[in-house]
Amino acid sequence: MAKYVAAVDQGTTSTRFMIFDHGGNVVGIHQLEHEQIYPQAGWVEHNPMEIMDRTNEVMEVALRRAGLTAGDLAAIGVTNQRETTIVWNKNTGKPYYNAIVWQDTRTDKICNDLAKDGGQDRFRPKVGLPLATYFSGPKIKWILDNVEGVRAAAERGDALFGNIDTWVIWNLTGGPNGGAHVTDVSNASRTMLMNLETLDWDDEILGILGIPRQMLPAIRPSSDPAIYGYWNGVPVCGDLGDQQAALVGQTCFGVGEAKNTYGTGCFMLLNTGTSPVPSKSGLLTTLGYKMGDAPAVYCLEGSIAITGALVQWLRDNMDFFDFSKHIEDYAKQVPDSGGIYFVPAFSGLFAPYWQSSARGVIVGLTRYINKYHICRAALEATAYQTREVLDAMEKDSGVKLTALKVDGGMVYNDTLMQFQADILNVPVVRPKVAETTALGAAYAAGLAVGYWSNLEDLRQNWQVDKVYEPKMDEATRARLYKGWLKAVQRSMNWLDE
C-alpha cells in the first residue's frame, strides 16, 4: 500500500501541494504565489494558465524535496478558493477569459436586476444563498453576456464552466484528452445554481440566468470511491471547497461543532447535520461534505471578505511593512487601537449584512493615532467580524458555542488570537496542524481509497497546539463591540446604487 496521501490547495493568493502521512503529519510541501490582476476598481482576476503552471510545479517540487515519487501516493485530493469562475474551451483547454475571483464585484448590476423580482433572497429557499456578487452563477452569466463567442460555444457544447477545483481536476486527469469534468457538492453549493435538497443543478435558476446546463460539471461526492480520474496513475478522488476542507481537517463531524479559518477572508462553519438549516440572520446555508454513499452534511456559514487581505493591503498598497508577519510587532507597540476602528469593506460587506455598496472606512481618527494603532485596528477588525458571525450563528442554530477551533495563516498571530478569545468570551483552540484546508482534502481522498477507514480514524489525528482563554472583563468587551457596530454603520451605503 502506498505510504502517503496528498492535496493540491489552490488558494486566492497561492497554490501549494502538501503530502501527509497516516497520522496527518506533513511530510512534504511546496507553495508558490500567483498574480492578482485588478483591471479596474472592484474587478479581481487570476490567470487560469498561471494557476495550472503553479499547480504542476508545486506538485513536482514537493515530491522531489520529500524524496518521493507519484508511486508513493495512495490518493490526491483537491481544495480550492471557492466561487472563482473559469469558462474554457474543452477542445483546446484554453480559457475564454481570466478567472473572475470570488472578491470581484462586477456582477453587482446582474444581482440587482435579478433582485427586482423577488428581492435579494429570491433563490435562497432553493440554494441557501442571497443574491450577491460573491457567487459563481452571476459570474458565469457575465462571461456569457460579455465575452464574444462564449455563449455560442456553450450552446454548441464546447465551453465548460468550473470553479477552480473543476479546472484543476480536469487538467490533472487529462485536460482535452478525456479530463474529468466534475465538482463536489461543497463547491457546487457555492454557485447559486445547485438545489440543496436534490444536490443537482436547478433547471429553473439555470433558465433565469441563461446558463446552458451542458457547461456544468457533474456533481460528485467530496470523497468518491468511484474516483474522478488519475494523475500519473494516482487516484484523484477528493474535492472540497477550502472552507469545507478546513471543517473536515478540523474533524468537525458532530452537529454543533464549528471552525473558523483565517486566510484572505475569514470563514466560520457550523456543522448542522444532514438537513439544511435556513438562516434568518444573514448566514449562508451550504453543503459541508458528502463522504461516498453516506448522507450529505450541511453547514451554516458566515463569510467575511477581507481579513488577511487587509494585512496584505497594508503591506503592498501602503508600504507599512515588508512582511505580513511584522504586523504583530507593530500592533504590540501600543496597548490598544487608540479608539479607532478599521472596517475593511473593500468588496462590500459579506455576512451578516450582504451589502455590496459598503466601502472600507477608518473611524475615530485623532492626532494621537499612528501606524501602530492602524495595524492593531486591522487585526481587531478580523476578531470583531468573527464575533458578528458567531452571534448570527447562535441565533440561527440555537447552539451556544463553547470553544472555537481555528486554523489558517493568521492563527500564529498571538495578539489576534488572544483578542479573538476576549471579544468572543470563549476559548480559541489552535490545532497542531493549522493548515487544515489541505489536510481536509487529503482526508477526503484517503477515505475514498481506504487509506483511512472512517471518520473516527481522523478524529484520532486531531491534537491541540494552544488554547487562548478569554481575559477581558465584560464591560470592556461590551464597550468595544458597541463601537465596532457603530463603525460598521458608517461604512454602509457608500456607493449610490
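## A walk from pocket to sheet and back

Start by selecting Thr13, Tyr262, Gly263, Thr264 and Gly409: among the 39 residues that line the largest pocket, these lie nearest its centre. Keep in mind as you look around that this is a predicted model.

The space in this largest pocket comes to about 970 Å³. Now colour the elements around it. Strand S2 (14-20), strand S3 (26-33), H9, S15, helix H10 (308-316) and helix H11 (326-331) each put at least two residues into the lining. Which of them supplies the largest share? That's H10, with five residues. Colour the lining by class and you'll get 18 polar, eleven nonpolar and ten charged residues.

**Next stop: the second largest pocket.** Select Tyr38, Val44, Trp313, Asn317 and Phe346, the closest to the centre of the second largest pocket out of the 24 residues lining it. About 650 Å³ of space lies here. H10 again gives the most to the lining, with five residues. By class, this lining has twelve polar, eight nonpolar and four charged residues.

**Now the sheet.** Show the strands in the order S17-S18-S16-S15-S21-S22-S23, and you have an open sheet of seven strands with mixed pairing. Which strands stand at the edges? Go to strand S17 (284-289) and strand S23 (464-468): each has a single partner strand, so one side of each is left without a neighbour in the sheet. Turn the view along the sheet to follow its twist, which averages 30° from one strand to the next.

Strand S22 (residues 428-431) runs antiparallel to S23, and four bridges join the two. To see one of the pairs, pick Arg430, whose bridge partner in S23 is Lys466.

**Last, the helices on the sheet.** Select helix H13 (residues 414-424), which packs on the sheet and touches S15, S21, S22 and S23. Its direction makes about 55° with that of S23.

Then pick helix H9 (residues 242-249). What does H9 lie across? Its strands are S15 (258-262), S16 (266-273), S17, S18 (297-304) and S21 (404-407). H9 runs at about 55° to S17.

How values were computed. Residues numbered from 1 in each chain as written. Predicted model: local features only at pLDDT ≥ 70, side-chain atom pairs only at ≥ 80, totals over all residues. Heavy atoms only, no water. Pairing = 2+ DSSP bridges. Axes fitted to C-alpha atoms, helices over the stretch in contact; angles between N-to-C directions. Contact = heavy atoms within 4.5 Å. 1 Å grid on protein atoms, 1.4 Å probe; cavity = no way out; pocket = protein on both sides within 12 Å on 5 of 7 lines; lining within 4 Å. Points joined across faces, edges and corners; volume = space filled by probe spheres on them. Nonpolar A, V, L, I, M, F, W, Y, C, P; charged D, E, K, R; others polar.
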